[in-house]
Amino acid sequence: MSTKSKKNCRCVSMAILLWGIMMVLVLVTVAFMWVFQIHFMERNYIESNISEVQAQVEAVLDDLKTEDLAYNEQLLSSLSHAADGKLLIVNGSGQLMDLYTLGHPIDLKENRTDILVWERIADGENYAAILAGETYCHETVEGNRIVSYEQGVPVRYYGGDAYLILYHSFSELYTVLDMNRQQLVILTILLTLISAILAGILSRLFTSPILTIKKTVDALAAGDLTAKPGLKRRDEIGRLSCSVEKLGQALQRVDVLRKEVIANVSHELRSPLALIGGYAEMVRDITWKDDTQREENLNLIISEANRMSVMVSDILDYSQLQSGCLQLNRGTYDLCEIVEHEVRRCEQSAQENHLALSFDGPGEELSVRVDALKISQVVRNLLNNAINHTKDGETITVSVSKDRRGFLVRVVNPGEPIPEEDRAIIWERYQRSQHQAGRRQGTGIGLSIVKTILDAHGMTCGVDCRDGLTCFWFRYPANPSSSNPS
């Protein structure tokens, strides 16, 4: 293998590629979970708590303006519960009078920890608003987190002006969120490890049959035409495996037919060569003085030489047509004349095989633009095929007709029908079906040459079998400019 070919064969393993794609999807999912948890869910928790406190205050705001809280113990307890934190009442001088936690009054002398909340508020920027009796809302931020929320409103307490502060701390919420983060870290690690293992297993399961098919294709390329993937699946890979098996079967069939054609060609060439050599020696040694015998022997030598020339020409023409090297020399001709000329030319061969040829034409000129020599070769090969497949004493009918779709040429011979499964492959190279008449003349590529020439002309062809007759046909289209290549 060349260096360039080796470089082309170097590629990333599909298993690694699939594993990488799956892991990227997993990592994207994990990243989304983290972003959603940190930037959306945490913020949403905080904002929902703040909104709940604000809604509770809005609901009782009118009562706070008109009622004396000292005589409404139920309202104080309700507000403390609503804040889910602490409720502080400050007098007009800015001194803490009472403090409630979750609806329960706190002894200010014994609970120093709760008083610290008020000391932080008094040392904050909103203390002036409290002294002025102004409503305020304040969020305390440390780092990127809102650690507490305060909302203050002026109220009446024991008949005098006072100030009510609802204080809500998010420390417990952050404790829960931090625990969730720790769990998310563990979940992320476990998810990544499990996903990596599963991705490796799945990618291996996916690529394993592909590698099996690759090995089979490599074996077929190396000449082992019996290699099969042997995969029994009902998915796309299973269908690919079936296609490779069909390819192997087709290659086996072509190989068998190729060997058969080589044997046939060798036999067909050996026979005339032996006759030519034998009769040439006979003319040289025995019959050279007898004019009649000498002429008969020489005519036989010429006939066998011509037969060899036809076989060699068939092989060369087919190779050139397949490689695209042979150009069509188009001209305007009468299709009836081309077909009738070939029928007359093959009459002697038909008579030698005890057959009759019949031609039926439309009685008018059918002008076509074709390569006359190649179309003659098509007709000749179809006639030779019919001769090979027709029993002694029968008649082969050749007809040319005209209809709205163009000009139709038909070669009809009696005999057993071609099996349905063989009608498509008889046009393949090297294909030769069983000859019913026992004659095996030709190389076995006649129909392949027919198909190749007609395809080059943009003409359609086919075979029909009915009522004990086999009909090979081809059609020159009514509008050749749209179908014929130039």
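In which sense do E12 and strand E13 pair, and over how many bridges? E12 and strand E13 (residues 469–477) pair in the antiparallel sense, over seven bridges; two strands count as paired if DSSP finds at least two bridges between them, and helices (H or I, at least four residues) and strands (E, at least two) are DSSP runs numbered from the N terminus.

The model is predicted, so local features need pLDDT of at least 70 and side-chain atom pairs count only at pLDDT 80 or more, while totals for chains, interfaces and linings use all residues. Residues are numbered from 1 along each chain as its sequence is written, and side-chain values use heavy atoms, with hydrogens and water left out.

Along this pairing, Cys 465 stands opposite Thr 470 in E13, and Asp 464 stands opposite Cys 471 in E13. The hairpin of E12 and E13 has two residues between the strands, and there Asp 467 takes a positive phi near 55°.

Both strands belong to an open sheet of five strands with mixed pairing, in the order E8-E10-E11-E13-E12. Strand E8 (356–360) and strand E12 (460–466) each have a single partner strand at the edges, so one side of each lacks a neighbour in the sheet. The twist averages 15° from one strand to the next.

| Helix | Strands touched | Angle between directions |
|---|---|---|
| H10 (residues 335–352) | E8, E10 (395–403), E11 (406–414) | about 170° with E8 |
| H11 (residues 372–388) | E8, E10, E11, E13 | about 175° with E13 |

Technical notes
Axes are lines fitted to C-alpha atoms, for helices over the stretch in contact, and angles run from 0 to 180 degrees between N-to-C directions. Contact means heavy atoms within 4.5 Å.
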